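Hello,

Here is the model I promised to pass on to you. Have a look at it first, and then read on for what turned up.

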Amino acid sequence: MALLVAVLGLFLVGVATAVGLRRRPLVGAFAGLAVFLAGVAATVVEGVGVDEAPTATVKWLSALGLDLHFSLDGFGVLMSLIVLVLGFAVLTYAIAYFEHDETFARFVGVFLAFAGSMTGVVIASDLFTMFVFWELTSICSFLLIGLNDKSESARQAAVRALLTTGAGGLCLLGAVALLQVDVGTTRFTDLVALQPTGTLVDAAIVLILLGAFTKSAQFPFHFWLPGAMAAPTPVSAYLHSATMVKAGIVLLARTSPAFGESAFWQWWVVIAGCVTMLIGGWRALRQNDAKLLLAHSTVSQLGLLTVLVGIGSPLALYAGVAHLLAHAVFKVGLFLGVGVVDHELETREVSRLAEARTRLPLVTASLVVATLSMAGIIPFFGFVTKEKALVALLEADLGNVATIALVGVVAGSVLSVAYSARLLRALVRRPLKVAAEHHTSRVGAILLARPVVEAAGFSLAFGLFASFVGKVLVAPALSLDADAKGKLVLWPGIDDALLISAVVIIVGSFIGWRAPLTATRTGGTRGERTFDRIYDSTLGFAKRITAATQTGSLPMYVAVTAVVATAAMLSGLLLDGFPSAASFVDDSPMTVLVALLVAVFAVATVVVPLRFTAALLLGGVGYGIAVLFVMRGAPDLALTQLLVETLTIVIFLLALRVMPRRFAPASQWVPKWARAAVAAAIGVVVPCFALLVRESREAPSVAADYLTRSVDEAGGANVVNVILVDFRGFDTMGEITVLAIAALGVVNLVRVAERQRRAKSAGSAK
Amino acid sequence: MTSPEHPKDVSNSGGARNPSDIVRSAIFDELVDRWLSKVAVLVAIYVTFRGHNAPGGGFAGGLIVGGVFVLQYLTGREPHVRFRTILHPTRLLGFGLLLALGTTVTPLFVGATPLESHIWKLDVPLIGEVKIVSSMFFDLGVFFVVVAVVLMILLSLGTRQSTVFGDEDIA
């Protein structure tokens, strides 16, 4: 697939712009525009009008069964075109929008990487591949929301969005695992064919829905999207209305033909969608900031899309695909238009939008057109798709679910007409004052206005040629569900849906026209506050747990470890019986002698009063054990033990030379006999347990297997080493990592102590 | 630290920066630097590479090299390689970890399981057939990590000791 090359190109140009071309972001931007065009061409050539969807597999980690699968089916073509065409339009807009802005290079870089990831999401043909690109879009979104890294609110919004969508991504990963284990595949086409059911599948459904709801800002995760408006307008228009937030809808669209039959799925989708629609609509009606108004309206429209795409009726799915296109077109126009007003007049207040009328007549006219499409007024495309949605829900044979969905959609539509009407009034009423002078160059003004006008033009053209667009949309819908065939018409004739629409428009306009333009502003939404409370209390909980368990007292740590280990092993011994006495002495007398010597050293280490002597005695214990290793035929262990012991003694001495010669008197919180008891207990229990474990072996030892495989498969005659570097190499990897962390810990502890000491001596010098 | 006996009670310390006046003598110096270090490094390399077939391996080899640095330290010098002091043992640490990690994941890219060994057999003139096993690189990674860990501990606990545990502000 040539489209994959374009995706790769987007990533490469993105990285190159963010890293290498910081001083010349325009070069990166134009390269990106070229890749967008190439991607569009590739999509059209490969995907349009072909009988069989082109597929591609990128071998990645085949050994682990992790390959990336792509398929450019009808829906993939539609979504890729939306992503790439809008990406092109928004990037040209951004060139003017970011004029003289130093964050432009970073914006272009992440923006292109995002466009690549999003294309990956829409052409992924299995859930795993989608998950990979899904997470990439979350990360890009985080970086773009926090583009202005000097603003604290932007950073907070970015973190909220990342944690919310990231949690959803993890849910999706869980779904991938469950489906792979239970059904054996995560391919969308296979899932649709298999129609899997069962408890594990239900769990996977919940996880998929959580993933979709967090990404597409569905209730109760709707709060992060308005916060994401901290990002610059091109980002809001592209990521947070037209593409990324549609990823959840894409996921629902891909999976609802597979799971849509289950009542469980239908209820979740319909309730979440309807509640979101109402909350978003209601909030949109009360915003002062035009951008926030659009954000809340996006939330509301996403609710509608969730209901349509997820309810599991083929016709509703078709209507959902159509409305997805309609929403992408008019919402991009609206966002970019408001961005132009913001850029020129430096205001986004709803009550001042009218000032744009004299200065930006074309943009204002386009905004009016897009708003009418959003409200669903004939002859714009929004009307056509909303009619189709109502017809689909009226005809759906799903019982109560469809009824509730219909009621929710009608109520949501009333609100959506209402906030559109309010926006419309803000645009067309007589301005209070005339705006000040221009400050954008002529080229810039054209670049800014062009996509807005185009979006409005398409909203009108798609509406006027609805039957043609409807035919084009059949292929995408069919690729999702073989029954999802439908058609679009501009004038459906007078039927139930049209009557409902008429009532909706009249009621909605009445509400919207009467709604005040300067609403009482509320602070952060309840969702945001709840999120923050959960976030803070999680951190607080972690701190309390740490404070309770990590007291910082070394004797305490040793005691807890020793007591717990002793208790665990003692319970095993009491259940299975102590090892026979014979197993202690069935060794050569030499071994017993060395073991006794080691024991004597160990006891002496504890009782001597001098640190230096104790360190040497401890070394004696270590050397004794090395001797035991030799006697039992483990030269590798003995060699290592010997070396470790030598170095340990030296390092001990290095540390000891500036410490007092004698041990400090032990603290009194535990009496001496208790310490001795703990030490003796663990000293007795561990060897007994080791012997018990050796005696109670049931499975054959792995040693025989390793010995036979060592030379042939790993090319080594020393099986101990082969185990370390080959058979159990992962363990070694982990161990050296721990070793590295420990060394860094030593270095930093010493450094901190040094700094504190310096600070203290500096303080005392003054 | 407020213990009155503290400053005088410290063994071997005094104001001298180097701890090891006892072992410090010209002959010892010469012996360690000229011969012992070099021989020990050779032994370490030998031990590391023979590890696949006989007792030894990266861990033991790394410890031997660590021992060389300890000896150098005890003769009163900073640990060094060919008169150059080692300034950034953390880089060595990272290099070792990356080498081991690289050996772990490389088989994935040729369609094998992680850490699966590949055996190359080369015919080297004069020496004959030489067998190279890919897990050798993993062992080398372990070697570097161990060397780096010893160096880091030595440098932080050793050289800066007087300021770390601080004799000067008591005196």
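Among contacts in chain B between residues at least 6 apart in sequence, what percentage join residues at least 24 apart? The figure is 67%. Please keep in mind throughout that this is a predicted model; its scores are ipTM 0.77 and pTM 0.74.

Let me stay with chain B for a moment. Its fold has five helices and four strands, and from the N terminus on these elements follow the order α-α-β-β-α-β-β-α-α. Of the 171 residues in chain B, 37% are buried.

A word on confidence in this chain: the average pLDDT of chain B is 72, and 68% of the residues score at least 70. Two stretches stay under 50. One is residues 1–17 of chain B, where pLDDT is under 50 and the model has 22 contacts beyond four places in sequence. The other is residues 160–171 of chain B, also with pLDDT under 50, for which the model has 23 such contacts. Where pLDDT is low, the predicted coordinates should not be read in detail.

Now to how the chains meet. Chain B gives 57 residues to the contact and chain A gives 48 residues. On the side of chain B that touches chain A, the elements with two or more residues are helices H2 (58–74), H3 (89–109), H4 (135–159) and H5 (161–166), together with strand S4 (128–133). H4(B) provides the largest share of that side, with 13 residues. Sorted by class, the side of chain B that touches chain A holds 29 nonpolar, 22 polar and six charged residues.

Turning to chain A, its domain assignment lists domain 1 (260–518), domain 2 (520–550), domain 3 (553–698) and domain 4 (702–766). Taken over C-alpha atoms, the centres of domain 2 and domain 4 of chain A are separated by 36 Å.

Helix H13 of chain A, residues 290–310, is worth a look. Its 21 residues reach 30 Å from the first C-alpha to the last, close to the 30 Å expected at 1.5 Å a residue. Since 21 of the 21 residues of H13(A) are buried, this helix is largely enclosed by the rest of the structure. Just after H13(A) comes Gly312(A), with a positive phi of about 95°.

Leaving aside neighbours within four places in sequence, Leu86(A) is in contact with Tyr238(A), Ala242(A), Thr243(A), Ala328(A) and Val332(A).

Is Phe88(A) buried or exposed? Phe88(A) counts as buried because it has 20 C-beta neighbours inside 10 Å, and 20 is the number at which a residue is called buried. Beyond its neighbours within four places in sequence, Phe88(A) is in contact with Leu33(A), Phe36(A) and Leu37(A). Val40(A) is 48 residues away from Phe88(A) in sequence, and their C-alpha atoms are 9.6 Å apart in space.

Key:
Residues numbered from 1 in each chain as written. Chains lettered and ligands numbered in written order. Predicted model: local features only at pLDDT ≥ 70, side-chain atom pairs only at ≥ 80, totals over all residues. Contact = placed C-beta atoms within 7 Å. Nonpolar A, V, L, I, M, F, W, Y, C, P; charged D, E, K, R; others polar. Buried ≥ 20, exposed ≤ 12 C-beta atoms within 10 Å, placed from the backbone. Domains from an automatic or database assignment. Expected span 1.5 Å × (residues − 1). pLDDT = per-residue confidence, 0-100.
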